Amino acid sequence: MTTSTKPRKKTTPPKARLEARIDADLDDLITQAAQKQGVSKTAFVSDAARDAALKVIARAETTLMAAEVFDQMMASIDVADDSPELEELATLPRRITQ
Amino acid sequence: MTDPGLELTYRVTKLAPGYDLGAFDCGAPGYNEWLVRHAASSVQAGVSAVYLLLEEHEDTSRVVGYYAISPTQVVRDDVPKSLSRGWPQRVPAWKLGKLAVHVDLRADKDAQWGRQLLRDALETIVSVADAGGGKVIVVDADNNGLVGFYARNGFKTTGTEGDLALFMKVSTARKALTA
């Protein structure tokens, strides 16, 4: 893989502080797990929390559709609509190598 | 700025470590920042797949566009169930969450890079829907200008007041783009 020769812009996100009271057993467990991965406890906890948060948000994200639009769509969900706009898009000279 | 005299080729690839994401600039800070700060973790968490548009010349390349897709659901807006017609109240879908093109490419009006990348994204979604299901493609347009862009390319309104989401049936995209 090749990469650009342009210099990478450094972006440092602002830091926030999170404090949590946890059982000593959980603290030990986190300490062991972080050591096995060779990362700090802060890095371990924040990575785990980020992954969990992203999954929760993704699951919660749905698209609401008006009932009449939904019903009309479902009535022919597997049948293609005529779409002159998409047919025109399909004829666009291809610039991206497949 | 791209030198118009260079022989450039373009291809789409999945996000992987090693690409210089910080140099990407689509003119919208939120989209630039998402690529740099959140795209990799979103992929790692299994939440979305991110695809990069690469501009290549000899042994160099740079990121000039990207899009992200993720599984989602379209949910029928709340009405009494007695009025519904017996089908499920929700349907599996794919969300085109982000689609952005570098400002250098946007200057090339003839190529219509936004539409080039949108077509690639729709083809990708049709392909993954064929393999793993999903009946609808949805986009969240961040502003009314983007609503117009997606509407001009076959998307329809979800009819939800104040919502900038649009949709297209996978069957419609499959017929038009894989015919």
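Q: How many of the five residues of strand 5 (residues 136-140) of chain B are buried?
A: The model discussed here is predicted. A residue counts as buried if 20 or more other C-beta atoms lie within 10 Å of its own. Strand 5 of chain B is largely enclosed by the rest of the structure because, of its five residues, the number that are buried is four.

Q: Which strand of chain B pairs with strand 5 of chain B in the antiparallel sense?
A: Strand 5 of chain B is joined to strand 4 of chain B by four bridges, but these two strands run parallel. The antiparallel pairing of strand 5 of chain B comprises five bridges, and the partner there is strand 7 of chain B.

Q: Which residue of strand 7 of chain B is the bridge partner of Val139(B)?
A: Val139(B), in strand 5 of chain B, stands opposite Leu96(B). In strand 7 of chain B, the bridge partner of Val139(B) is Leu166(B).

Q: Which element of chain B supplies the largest share of the side that touches chain A?
A: The contact between the chains involves 57 residues of chain B and 43 residues of chain A. Several elements of chain B each supply at least two residues of this side, among them strand 1 (9-14), helix 1 (29-44) and strand 4 (90-101). The largest share is nine residues, and it comes from strand 3 of chain B.

Q: How many charged residues does the side of chain B that touches chain A have?
A: This side of chain B belongs to a contact with 43 residues of chain A. Sorted by class, it has 21 nonpolar and 19 polar residues, and the number of charged residues is 17.

Q: Which residue of strand 3 of chain B stands opposite Thr63(A)?
A: Strand 1 (residues 62-65) of chain A pairs with strand 3 of chain B in the parallel sense, over four bridges. Opposite Thr63(A), the residue in strand 3 of chain B is Val74(B).

Q: Which element of chain B gives the largest share of the largest nonpolar core?
A: The core has 54 residues, and those touching the most other members are Ala121(B), Ile125(B), Ile137(B), Phe167(B) and Ala173(B). Its largest share, eight residues, is provided by helix 3 of chain B. Beyond its neighbours within four places in sequence, Ala121(B) is in contact with Tyr67(B), Ile69(B), Leu96(B) and Leu99(B).

Q: How many charged residues lie in the contact of helix 3 of chain B with helix 5 of chain B?
A: The two helices pack at an angle of about 115°, their axes 10 Å apart, and their crossing is left-handed. From helix 3 of chain B, Arg119(B), Leu122(B), Glu123(B), Ile125(B), Val126(B) and Ala129(B) meet Val170(B), Ala173(B), Arg174(B) and Leu177(B) of helix 5 of chain B. By class, this contact has seven nonpolar residues and no polar ones, while the charged residues number three.

Q: Is Glu58(B) buried or exposed?
A: Glu58(B) lies in the loop between strand 2 (49-57) and strand 3 of chain B, and has a positive phi of about 50° although it is not a glycine. Because Glu58(B) has 10 C-beta neighbours inside 10 Å, it counts as exposed.

Q: What is the phi of Gln112(B)?
A: Gln112(B) is placed in the loop between helix 2 (103-106) and helix 3 of chain B. Because it has 18 C-beta neighbours inside 10 Å, Gln112(B) counts as partly exposed. Most residues other than glycine have a negative phi. Gln112(B) is not a glycine, yet its phi is positive, at about 55°.

Note on methods:
Residues are numbered from 1 along each chain as its sequence is written. Chains are lettered from A and ligands numbered from 1 in the order in which they are written. This is a predicted model: local features need pLDDT of at least 70, side-chain atom pairs count only at pLDDT 80 or more; totals for chains, interfaces and linings use all residues. Two residues are in contact if their C-beta atoms, placed from the backbone, lie within 7 Å. Ala, Val, Leu, Ile, Met, Phe, Trp, Tyr, Cys and Pro count as nonpolar, Asp, Glu, Lys and Arg as charged, and the others, Gly among them, as polar. Two strands pair if DSSP finds at least two bridges between them. A residue is buried if 20 or more other C-beta atoms lie within 10 Å of its own, exposed if 12 or fewer, and partly exposed in between; C-beta atoms are placed from the backbone. A nonpolar core is a set of buried Ala, Val, Leu, Ile, Met, Phe, Trp, Tyr and Cys residues joined through C-beta atoms within 7 Å. Axes are lines fitted to C-alpha atoms, for helices over the stretch in contact, and angles run from 0 to 180 degrees between N-to-C directions. A crossing is left-handed if the near helix is turned anticlockwise from the far one by less than a right angle, and right-handed if clockwise.
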